[in-house]
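Take a look at the chain and its metal site.

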Amino acid sequence: MPELPEVETVRRGLAPVLEGARIESARLNRPDLRFPFPERFAERLAGATIGPLGRRAKYLLLPLDTGETLIIHLGMSGRVLVEQSGPRTLVGEFHHSTGRLEAHDHVVITLGGGARVIYNDVRRFGFMRLSPSDAIEADPFIAELGPEPLGNLFDAESLAASLKGRNTPLKSALLDQKTVAGLGNIYVCEALHRAHLSPWRPAKDLKPDEAQRLVSEIHLVLEEAIEAGGSSLRDFRHEDGSLGYFQHAFRVYDRAGEVCPTPECGGTIERKVQSGRSTFFCGRCQA
Ligand SMILES: [Zn+2]
């Protein structure tokens, strides 16, 4: 499932294709994804010129010169493909697809000049919305988000203030998009391990120095992932499904049974289900 770094990688991959481009036409191959498409969706897109691509948490923001912004959420398996001349170019791949890709091409946007941008989503948990650009922060999906983890409003003090009085486990608090926006299961597991904090600690018990450590590790893990995604963009013509993922660099995620990578720890990475999701951690250095 794409988290903030993967969405940022898609944004960077799409920017050179989309920014300044005019949408010639849009074709919808079904009436909905997770939600129905906006009313007269194709008509509202056609003829619009796309401005600088933005991102808020896991949402891609495509401002249009019509005054509306196209908001795209990739859900669990959303991918964006670009066809220029020649074969398809993959801009985002976050799952191992089965079957023919074309069966899951739900939205096809044709740009002036003939390039096509295709939204493909096997599981259809993604969605698209149009919202007034001058009130994007009031969009119901954006308005409920907490601070951007790499933004100026997220620091040890603001995190501590947000966790104050909360009995919920630290991991659950970090997955709550109101605490910090854009983190999912993978990067929360990674950040907690790097900060040597137990995922089960009551959120309210986090001490100031631990909050500082956690914020630093969240910054680092996201920055490294974005960098890894950026380097994968340079050869994103490979349809091997690896683009934007940081998989090879995960320290604990999906590594149950392996030796803990913390120097001199000697523990073993474990997997336990927590609130219905897999938590990967080391019981020794995250005690
Ligand atoms: Zn360890």
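This is a predicted model. Start with cysteine 265. Its relative accessible area is 11%. The cut-off for buried is under 20%, so cysteine 265 counts as buried. Cysteine 285 passes the same test: its relative accessible area is 15%, and therefore it is buried too.

| Residue | Relative accessible area | Class |
|---|---|---|
| Cysteine 265 | 11% | buried |
| Cysteine 285 | 15% | buried |

**The zinc site**

Which residues coordinate the zinc ion? Cys260, Cys265, Cys282 and Cys285 do, each through its SG atom. The distances run from 2.2 to 2.3 Å. Along the sequence, the spacing of these donor residues reads C-x4-C-x16-C-x2-C. Cysteine 265 and cysteine 285 link distant parts of the chain, 20 residues apart. Cysteine 265 sits in the loop between α7 (208–233) and β10 (269–274). Cysteine 285 lies in the segment after β11 (277–282).

Why is the arrangement called tetrahedral? The four donor atoms subtend angles of 100 to 116° around the zinc ion. Four donors count as tetrahedral if all angles lie between 85 and 135 degrees, so this site qualifies.

**The whole chain**

Now step back. The protein chain has seven helices and 11 strands. It holds 287 residues, and 53% of them count as buried. Look next at contacts with a separation of 6 or more: residues 24 or more positions apart account for 65% of them. The chain exposes about 12900 Å². Carbon and sulfur atoms supply 50% of that area.

Terms used:
Residues are numbered from 1 along each chain as its sequence is written. This is a predicted model: local features need pLDDT of at least 70, side-chain atom pairs count only at pLDDT 80 or more; totals for chains, interfaces and linings use all residues. Side-chain values use heavy atoms; hydrogens and water are left out. Donors are N, O and S atoms within 2.8 Å of the metal (3.2 Å for Na, K and Ca); water is not among the atoms, so sites may look incomplete. Four donors count as tetrahedral if all angles lie between 85 and 135 degrees; four count as square planar and six as octahedral if opposite donors are over 155 degrees apart and all others between 65 and 115; anything else is irregular. Helices (H or I, at least four residues) and strands (E, at least two) are DSSP runs, numbered from the N terminus. Buried means under 20% relative accessible area, exposed over 50%, partly exposed in between (1.4 Å probe, protein chains only). Contact means heavy atoms within 4.5 Å. Accessible areas come from the Shrake-Rupley method with a 1.4 Å probe; for residues, only the protein chains shown count as cover.
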